[in-house]
Amino acid sequence: MNKLKTTTYIYILGLLVAFNMLSCGSDDDATTSVEEPVVKINHGVAVVSGAGDVKTTFLQGLTNLNTTSIDNKNSTEVGQFSSVYSDGKAMFTAGFGSPATMKKFVFDKEGKAVLEQEIIIPGSNSFSSVEILNETTGYATVGGGISKVIQFDPSTMRITGEIDIKDAGDGIFYSDMIIKDTNLFVALNDFGGSGTAKVAVVDLKTNTLSKIITDDRTATLFNTLTSEIMTVDAQGDIYIQASGLFSDKPSGVLRIKNGQTDFDTTYFFDLGAAFGKTCFGLYHFGEGATFTIVSENDDNFFGTDGANPVFRYQKIDLAGTKKVGDLETSLPNTFAASRTSFMKKTSDDEVLFPISGTEEDALYSYKISSGSVTKKMVSTSGYITGIITLKQ
Amino acid sequence: MHYNSYFIIVFLFFSISCLSQQATISGVVINSKGEPLSGAHIYESKANRSVVTDISGSFELDNLSLGQHDLTISYIGYYTKQEKILLKKEQPKVKQTIVLTQQSDELDEVTLKATSEATKIKNSTTTVSVIKAQAFHTRSITTSDLLATASGVQVRQSGGVGNSAEISIQGLSGRQVKLFVDGIPMDFLLPVEELGVGPSLAMLPVNLIKRMEIYKGAVPVSMGVDALGGAINMVTRKEKYDFVEASAGYSSFNTWRTSINARKILASGFTAGLTGFYTSSDNNYRLHDVNVINEQGNPESISAKKFHDSFRSYMIKADIGMIDQSWADRILLSFSYADLYDEIQHNFEMRQPYGEALNRVSTYNNALQYEKKELVKNLDANLYVGYNRIITNFDDATLNIYNWRGEIVGQRTSGGEITASQNKLKLTGDNITGRINLQYNANPATKLIFNGVTSFFKRSGEDPVAADFYGEDYFKNPVSINKVTSGIGLERGFFNEKITSYSAVKLYHYTAKGFEIEDNEAHVVEQQKTEYGASQSFSWKMNTNFLAKLSYEYATRLPDRIEMLGDFSAAVAANPNLRPERSHNINLGGTYKKKTWSAEAYGFFREVEDIIILQAVPPPVLSTYQNLLKTRILGVESEIKITPTPWISLVLNSTFQDLRNRSKKENSGVSNDRYFGARLPNKPYLFGNGEVQITQRNLMDKEDRLQFWWSTRYVKDFFRYWEIDGRKEDKLVIPTQWLHNLGIAYTDKQNRYTITLETNNIFNRQAYDNFGVQKPGRSWHFKLKTSLFKS
């Protein structure tokens, strides 16, 4: 009996001590003041890590991209699924989740991405498109019924103005933006409701909505953050890719001729006819280097089926309105084109793009001059959703 | 066809029960305070028969011959009593109230509990915690908070009264844990599916509950649903004596909790009861470090009170029936109406304040319950037939944008605070439920238990606001689900009942019908599933002090209607290829009891596969549920109770649970095995509770009582995202919680009234169960409970 009592009291004491230790413990040791060498960061990479339903974006800086493998052990946890942008000096994230939050990260002397400032749009769901023009001017749109283009200063992370685009319609998602001359073209996604492709034209001289242009040969300018559906070619023509989702229209590419603010009725690239499937994204890096991504299974266009990645990078001929073929036939399929795909030009001759697969997550390199494709680096900690390059 | 058969059986039993009228001695055994004595032994010498009183102290000896009968009534801690009863032809049925006298005023409570219904459940083969709610009727504690005091149980709450909550039992949580009210699945009675567990539990205040049974691992067949690894049964009060009781409490944040309970029993056995409660709270506690956004779009941290989190709920329930009849121990017809109003203050990580979105619920429950021991020889029956209607309204139709100060700072051009469409959604769900529970007592050591539950649920709705957005009112499309759950258990004692074995098999079947929207048209989708589960458990009473238990269960949880067929209102698409969640559950441990202390420790193991997880995507694209991840849970929970003297008691429990991912890449949604073996994120793994209670009797008057208690809850910090990802020093963390509560209560000599004063979170610590979502700081509670009348 006494022994049991003693055991009991030891048990209680143990529990209390354990609780005390646990509640008081784990403060970091005081750091030493040894001066560490400055790490020069030239690139920023965003990786989405996690399994099951617990995933988030991690940011890291790289001195150069000539590494065969990256992980996330020295990455900064963002706490949101985010796409990344840059003004050449810092790394900006725009994340899914209410309210829309854009974060500016700078790289400290150890090369860590450190949060410097945020822009938050109350009442909105998430940023839907971001376009950073230079170090002092950027534009952004948000989802969730806030019918505005936000003008901001990336250097100070301050909102500097708003452009009311309410007249573009209610319940619209702003998919992508592109600035051409003194106009801002905003891709409008009405989720197939109108059965047309719609673009808002904003006059940046007056910061007012000039007009809405529509084209019923395709519909649904569907796009989310990391990918792009608007591009400008060397002639200054704007090309806009539509998915046709939620409508009976095919995927397609429309054009706005240089200097014009209307769709070119003489041009239509029927991607549906070319591929027989839904296409997402449009990337143009010069003649012979134009790409879209084709879904091989429209039931799975978000690519979250654990077994079957369904998207393939395809080369297309914009001027000739015809498909060219696989970007590289040996490439595996990739997951989740509309959320995680991107193509990023990192030098005059190199474009990087990710493959998120069942066996590997990797960044591939496409050489514009030769058209060759090589694996650039493997990510062992998740799929890569963005890359930015800082100015030297 | 098989659904209908349950109802036929139910009514057959009602018919059979009416035919059996014999010479009978029945009654109730109570103590000198009028409290029923559960487990008292009644021996009738002439027929050499004995019975034990049930939880309400009632007993019945039927099929007796006419003439004189000698009864010996005994109960631990009370003087044994002899009674002579004459059964005459003209009066073949005698009802007797037997009052036993306590042997000593100092008799300790541990001894009394040894024969209580709660202890019987605890001594069963399954691992179970029992919380006697009666001890908390004088306190301002919520049902959610009371549940969280059990070892192995974690309740994660998102704020104050009526806010969302998630219950976990030994690492399994959400839909894997099932809740019951008197053995009836709680989602048949309360808006669990529509609003979640938190608001539903707020519609079941502690003062209406007799006890909570928390089954861990192997769930007994009497809990008739497909729980994966745990079930909670809240047993409501069923007194068998006249009483009127009321309580009223006022707490910080303008919180009111009132309840009334009354029952009348006539000599004929006719009984009528009335129960009601009203709970309301502004939940306007102060939040720290929330952001308001300046004109430049930058956040500025402020401290502000919640401004749109009011909660109100009330319920009125009446019942009439008969008790202690030869054909029924209890037959009750009950009706209840409940109403709920619940404002929604913020999104799930408390980053976006809302100012107008809210939920309203009305529920109507009608039930017929029938209980009879020895319905026919050696067969006990418990039957239930219920019709319930749950009407939920979700309003999210404002264009206003609010900041944390409660100010309108802008307007959207479209969409609500939560949904893209805006909503004025009304859903009406009707549910018919039947339950049969039969226990055949083949001999004192062998019981065969059958439990069958069948339910028919149908729901449809309307939303004119969303219809404007979508072009059609898709909510008008009905959804339905019909379920049958059957289980058979065999309990058998060996070696003079030192070892008890309990074997069970369960069969689940459902047919669900819903709709999905494709090309702007609603298409009917239908699904059927049949699965089974099985369990085997043992208890070994090694000596009078030590009880060991071992249980194994192969548990199955079928995908529910939303997971399988999707739900338009929740922006979830159908996935007919979903597999059931399956789990192998093992529990091993024991309890050691002495006169002044007891200790128990249980280890648990879970191997869960095909976990159903929502893969969320931004609306209007629909999310889907998918089978992802396989998890292994290893843990240990322990509890010690000490009552060294009658005036002080100490309870301490702790739980450590290690949840590890056991999925290879194929089932994780990733391209390599780096998460294999990693601890699951966003899950508490170390937590515990403690309470010290000091009771001073005979303070101002003989037999009055002054109680003082200190209780505490500890939860170790844990990561929001996977531990192995990113730089450790700046990962997002749900911080350690260690909260302390104090209370004092005075009860007068006849238990006529109790005055209670409590303070929770006395050090005003910031507390989080979910990332970023702050719980209340220090709060004060005053409560008065009075027994206006007690027979």
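This is a dialogue about how to read a predicted model, taken feature by feature.

Trainee: How should I read a sheet, and which strands stand at the edges of the open sheet of 5 strands in chain A?

Mentor: In chain A the open sheet of 5 strands has the order 3-28-27-26-25, with mixed pairing. Its edge strands are strand 3 (69-70) and strand 25 (344-347) of chain A, each of which pairs on one side only. Within that order, strand 26 (residues 350-356) and strand 27 (residues 361-367) of chain A pair in the antiparallel sense over 7 bridges, and L352(A) stands opposite S365(A) in strand 27 of chain A.

Trainee: Chain A also has an open sheet of 4 strands, so in what order do those strands come?

Mentor: Their order is 17-18-19-20 in chain A, and the pairing is antiparallel. Strand 17 (230-232) and strand 20 (269-270) of chain A each have a single partner strand, so one side of each is left without a neighbour in the sheet. Looking at one pairing in detail, strand 17 of chain A is joined to strand 18 (residues 238-242) of chain A by 3 bridges, the two running antiparallel, and the bridge partner of M230(A) in strand 18 of chain A is I240(A).

Trainee: How many residues of strand 29 of chain A are buried?

Mentor: Burial is judged residue by residue and can then be read along an element. In strand 29 (residues 383-389) of chain A, 6 of the 7 residues are buried, so this strand is largely enclosed by the rest of the structure. Strand 29 of chain A is joined to strand 1 of chain A by 6 bridges, and the two run antiparallel; in strand 29, the bridge partner of A46(A) is G386(A).

Trainee: Turning to a loop, is A219(A) buried or exposed?

Mentor: A loop position has to be judged by its surroundings. A219(A) is found in the loop between strand 16 (208-215) and strand 17 of chain A, and because it has 29 C-beta neighbours inside 10 Å, it counts as buried. Leaving aside neighbours within four places in sequence, A219(A) is in contact with several residues, including G192(A), T196(A), A242(A) and K249(A). A219(A) and L188(A) are 31 residues apart in sequence, and their C-alpha atoms are 9.9 Å apart in space.

Trainee: What should I look for in the backbone, and which residues does a cis peptide bond join in chain A?

Mentor: A cis peptide bond joins S98(A) and P99(A), with omega about -5°, and P99(A) lies in the loop between strand 6 (91-95) and strand 7 (100-107) of chain A. As for phi, T321(A) has a positive value of about 45° although it is not a glycine; T321(A) is in the loop between strand 23 (311-317) and strand 24 (322-326) of chain A and is partly exposed, with 17 other C-beta atoms within 10 Å. In chain B, M350(B) has a positive phi of about 60° and is likewise not a glycine. M350(B) is found in the loop between strand 22 (330-343) and strand 23 (358-376) of chain B, and it is buried, with 20 other C-beta atoms within 10 Å.

Trainee: How do I read the contact between the chains, and how many residues does each chain give?

Mentor: Count the residues on each side, then ask which elements and classes supply them. The contact takes 55 residues from chain A and 63 residues from chain B. Helix 1 of chain A gives the most to the side of chain A that touches chain B, with 8 residues. By class, that side of chain A has 21 nonpolar, 25 polar and 9 charged residues.

Trainee: Finally, into which domains is chain B divided?

Mentor: Chain B is divided into domain 1 (2-106) and domain 2 (112-271 + 278-295 + 303-359 + 391-790). Taken over C-alpha atoms, the centres of domain 1 and domain 2 of chain B are separated by 36 Å.

Terms used:
Residues are numbered from 1 along each chain as its sequence is written. Chains are lettered from A and ligands numbered from 1 in the order in which they are written. This is a predicted model: local features need pLDDT of at least 70, side-chain atom pairs count only at pLDDT 80 or more; totals for chains, interfaces and linings use all residues. Two residues are in contact if their C-beta atoms, placed from the backbone, lie within 7 Å. Ala, Val, Leu, Ile, Met, Phe, Trp, Tyr, Cys and Pro count as nonpolar, Asp, Glu, Lys and Arg as charged, and the others, Gly among them, as polar. A residue is buried if 20 or more other C-beta atoms lie within 10 Å of its own, exposed if 12 or fewer, and partly exposed in between; C-beta atoms are placed from the backbone. Two strands pair if DSSP finds at least two bridges between them. Domain bounds come from an automatic or database domain assignment.
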